[in-house]
Amino acid sequence: MTAHNHTPSVAFGDTSPMNGGGKNASASALPEARRDTIKPALMTTSQRFASAAGAASARQRPAPPLRGFAARRLIGVDDLSDGDIAYLLDLADHYAGYLMRAAPAPRRLAGKTQINLFFEDSTRTNMSFELAGKKLGADVIVVPVGASSVHKGESYIDTAQTLAAMGADIMIVRAKQPGLHHDLDARLNCVILNAGDGAREHPTQALLDAATIRAQFGTLNGRVIAICGDIRHSRVAGSDARLFKRLGAEVRFVGPRHLMPEDDQFTDISRAHSLAEGLDGADIVMGLRMQFERMGEDGRDAARGYFEEFGLTHETLKLARPDARIMHPGPMNRGVEIDGALADDPDRSLILRQVFYGVPIRMACLDALLTRGE
Ligand code: CP
C-alpha cells in the first residue's frame, strides 16, 4: 500500500484528552503514589486539549475513496481496501475534531438501528460503539446478553436472527465461536461488524491503534512496531500486524516461544525472543494482555517469571528508541505484562489515547459501512 501522506490533525501533546476536565474527584480516591503520577497529566491536559482541538477543527470531512467505500462488512482487516483504510483514518480524525471541541457530530445515522451483541465481556469496544452510534444519531441497542434468552438455551444464531428481524441495519458482534461472524454475514440482511472473535481478528482495535500511532508520529510508514507478549492468544496482534504492514510499518513479534503463534502463521513477521533484540530501534512498543482465559488450567504457569524477562517498564523501554511510546489495547494486567507506572506515564504512554480513538474510529466505521460515504 502506498504510504498515506498524513499531517496529524489530532495532536494531543503527550497525554490524552480523556484525562481532562473534572476528574480530580476520582484522582483523589487513588492511593498517594498513583495520584502523584496522574495529577500532572490532569493539570496540563486542558491547555494541550485546547490547541489540539484547534488543530483538529481544520480537518474537513474527507471524500470517500475514488471507487467508493468497498467493504460491505468488517469481519477482518482484509475486508478493507487500501482506499477504505485511508478513508476510515481520515474520517476518524474528522470526527475526533468534534469530540475534542465537545461539538455535536452530524446525525448521519438518524433512522438507522445499531445492535451491539456481545457474547464475551467488553468495556472499551462495547461502550465506544454505543457512544459512536449515539453521537451519529443512530438508535442503539446494547443487548444485555446475561439477561437474554441465550440463558434459556437459544443459540447465538437464533438470537442474532431474532434481533435482525427487529430491523437492524448493523450488528456489532463479539463471540469466540469460530465462523459465527461469517455465518451471520451470510444469513442476515444487515451489516456484520466483528468486535473481536476469539484469537482471530479485532479489526476496529487495529484501526484505532493505527490512528493513535499516526497522531503521534504522522505516519506508520517506516516506523518499527514491536508487539510484545501473549501473541498466540491475541486477536489484536493479528489484526494489528496485518494493518500496520499494509500501512508500511515494520512489525515484530516479541515474546517467549510458548506465547508465539504456530510456525506456519504470520511467516512475514519477524520474531524475537528477548526484549533486547525485539525492542532495538522500535518506535512503538505494544504490550498485550496475558490471556489466561484462553490458556486452559495451566495458564498461570505462562506468567511465572514473565515479568522479570519480558515486563514492560521504564527501564526496559530504554531498549527502544529514545522517543518510543508504549501502547496496550487493554484491559491490562498491571505487574504481569506492564508496570503500572509506565502505563500511567503521560510522557511515554499512549494507552488512554488509544481509548479516546476508539470512539471516532468506530464513528467512522459505522458511518462508512452504513452510508458508503455519500
Ligand atoms: N481492547 C478491547 O477490546 O477491550 P475490551 O475487551 O474492553 O472491549
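Q: Which residues does Asp367 touch, not counting residues up to four places away in sequence?
A: This is a predicted model, where local features need pLDDT of at least 70, side-chain atom pairs count only at pLDDT 80 or more, and totals for chains, interfaces and linings use all residues. Residues are numbered from 1 along each chain as its sequence is written. Two residues are in contact if their C-beta atoms, placed from the backbone, lie within 7 Å. By that rule, Asp367 touches Leu91, Arg108, Leu109 and Leu136.

Q: Is Asp367 buried or exposed?
A: A residue is buried if 20 or more other C-beta atoms (placed from the backbone) lie within 10 Å of its own, exposed if 12 or fewer, and partly exposed in between. Asp367 has 27 other C-beta atoms within 10 Å, so Asp367 is buried.

Q: Why is α3 largely enclosed by the rest of the structure?
A: Helix α3 covers residues 82-101 and has 20 residues. It's largely enclosed because, of those 20 residues, the number buried is 16.

Q: What does the ligand lie between?
A: Around the ligand you'll find Ser122, Thr123, Arg124, Thr125, Gly196, Gln205, Pro329, Gly330 and Pro331. Domain bounds come from an automatic or database domain assignment. Both domains give residues to this shell, so the ligand lies between domain 1 (77-199 + 362-371) and domain 2 (203-355).

Q: Which residues is Pro329 in contact with, leaving aside its neighbours within four places in sequence?
A: Pro329, one of the residues around the ligand, sits in the loop between β9 (325-327) and α13 (340-343). Pro329 counts as buried, with 27 C-beta neighbours inside 10 Å. Its contacts are Gln205, Val236 and Gln354.

Terms used. A residue is near a molecule or strand if its C-beta atom, placed from the backbone, lies within 6 Å of it. Helices (H or I, at least four residues) and strands (E, at least two) are DSSP runs, numbered from the N terminus. The expected span of a helix is 1.5 Å times one less than its number of residues.
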